[in-house]
Amino acid sequence: MTSTPPTNRPRLFAVLAAGLALSGCISVFPKVKPVQLYRFSQAAPPPASPVAPTLTIGKGPFTFPSDVSGDRLLTVTGSQAAFIADARWVQPAALMFDEAVDAAFDQPGSPRLGARGESLGARASLRLQVRRFETDYDQGPAAAPTVTVAVNAVLIRSADSRLAAEKLFEVRAPAEGNRVAAIVAAYNQSVAQATGQSRDWTAATAAGLQP
C-alpha cells in the first residue's frame, strides 16, 4: 500500500478542487429544449369539373422564396420579420410544397402532371412561382396570426412555347390561436387551397388550348 507524499498533497487537493468547480459548470449532456418538427398536409380537394383523362400537363420550373425555402417558419409583424423559435418543418418547405402540388394532381379527375422535363405530348407546361409563404401578425404580436400563401401559376403552350395564361392565387387562412400547432393547421389549409385552385385553373385553361 502506497501513500501520497506529503509534499504533493497540496497540489493534489488543488487539482481536485478545480475539478469539482468545473463539474458545476460543464455537463456531458447539456439540457437543450428539443425542436418540434411539423409538416403540412398534402391533401387537396378534387377538381370541381373532371377533365379528359388523356390531358397531360408538363411540370415546368418551380421557384420558392429563398428566405422560407428551408425548414424555418417565417413570421412578419409590421416591418419586422423573424423565425419561430424551437419549431421546424420536417423537410424544407420548398420540397414539401412541391410534393403537395404532385398530390393535388393525383386526385381523381385531375389532368396528369408529367415529371419535370418530361413532355410526352403535354398540351402545356405549368410553372409555379411561390410569392409569399409566411405567418402574418396583422393584428399585433399577441393576437392569432394569419398564414398567407401566394402562388403565381403560369401556363406555357407546348406548340410554340409562348405564354398561354397566367394567374395569381393568394390564400389567407387565420390561425385559431397564437400557437405553433394552430399556425401549422393554417398552413395546411392555405397550401391545400392554393395547390387545389392552381390545379383546377390549370385543368380548365389547358383543356381549352389547341393540342
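The legends below accompany several close-up views of one predicted model.

The model is a prediction, in which local features need pLDDT of at least 70 and side-chain atom pairs count only at pLDDT 80 or more, while totals for chains, interfaces and linings use all residues. Residues are numbered from 1 along each chain as its sequence is written, and side-chain values use heavy atoms, with hydrogens and water left out.

**View 1. The largest nonpolar core and the elements that build it.** This core (a set of buried Ala, Val, Leu, Ile, Met, Phe, Trp, Tyr and Cys residues joined through side-chain atoms within 4.5 Å) has 45 residues, and those with the most contacts inside it are Phe64, Trp89, Phe97 and Phe133. Two or more residues each come from strands S3 (74-77), S5 (87-89), S7 (124-136), S8 (146-157) and S9 (163-174), and from helices H2 (93-105) and H3 (180-207). The largest share, 9 residues, is given by H3. Helices (H or I, at least four residues) and strands (E, at least two) are DSSP runs, numbered from the N terminus. Buried means under 20% relative accessible area, exposed over 50%, and partly exposed in between, with a 1.4 Å probe and protein chains only.

**View 2. The stacked rings of Phe62 and Phe97.** Rings of Phe, Tyr and Trp (its six-membered ring) pair if their centres lie within 6.5 Å, and planes under 30 degrees apart count as stacked, over 60 as edge-to-face and the rest as tilted. By this rule the count comes to 8 aromatic pairs, including that of Phe62 and Phe97, which is stacked at 5.9 Å centre to centre with 5° between the planes. Phe62 lies in strand S2 (residues 56-63) and Phe97 in helix H2, so this pair ties together parts that are 35 residues apart in sequence. Phe62 is partly exposed at 22% relative accessible area, whereas Phe97, at 1%, is buried. Ring pairs also join Phe62, Phe64, Trp89, Phe97, Phe133 and Tyr187 into a cluster.

**View 3. A network of salt bridges around Asp136 and Asp138.** A salt bridge (a side-chain nitrogen of Lys or Arg within 4 Å of a carboxyl oxygen of Asp or Glu) occurs 8 times in the structure. Arg132, Glu134, Asp136, Asp138 and Arg172 are linked in a network of such bridges. Within this view, Asp136 and Arg132 meet at 3.0 Å, N to O; Asp136 is buried at 6% relative accessibility, while Arg132 is partly exposed at 27%. Asp138 and Arg172 meet at 2.9 Å, N to O, and this pair links distant parts of the chain, with Asp138 in the loop between S7 and S8 and Arg172 in strand S9, 34 residues apart. Asp138 is partly exposed at 39% relative accessibility, and Arg172 is partly exposed at 39%.

**View 4. The salt bridge of Asp160 and Arg157, with Ser161.** The side chains of Asp160 and Arg157 meet at 3.1 Å, N to O. Asp160 is partly exposed at 36% relative accessibility, and Arg157 is partly exposed at 24%. Ser161 lies in the loop between S8 and S9, and it is exposed, with a relative accessible area of 59%. Most residues other than glycine have a negative phi. Ser161, although not a glycine, has a positive phi of about 60°.

**View 5. The loop residue Asp86.** Asp86 is placed in the loop between strand S4 (80-83) and S5, and its phi is near 60°, a positive value in a residue other than glycine. Asp86 is partly exposed, with a relative accessible area of 32%.
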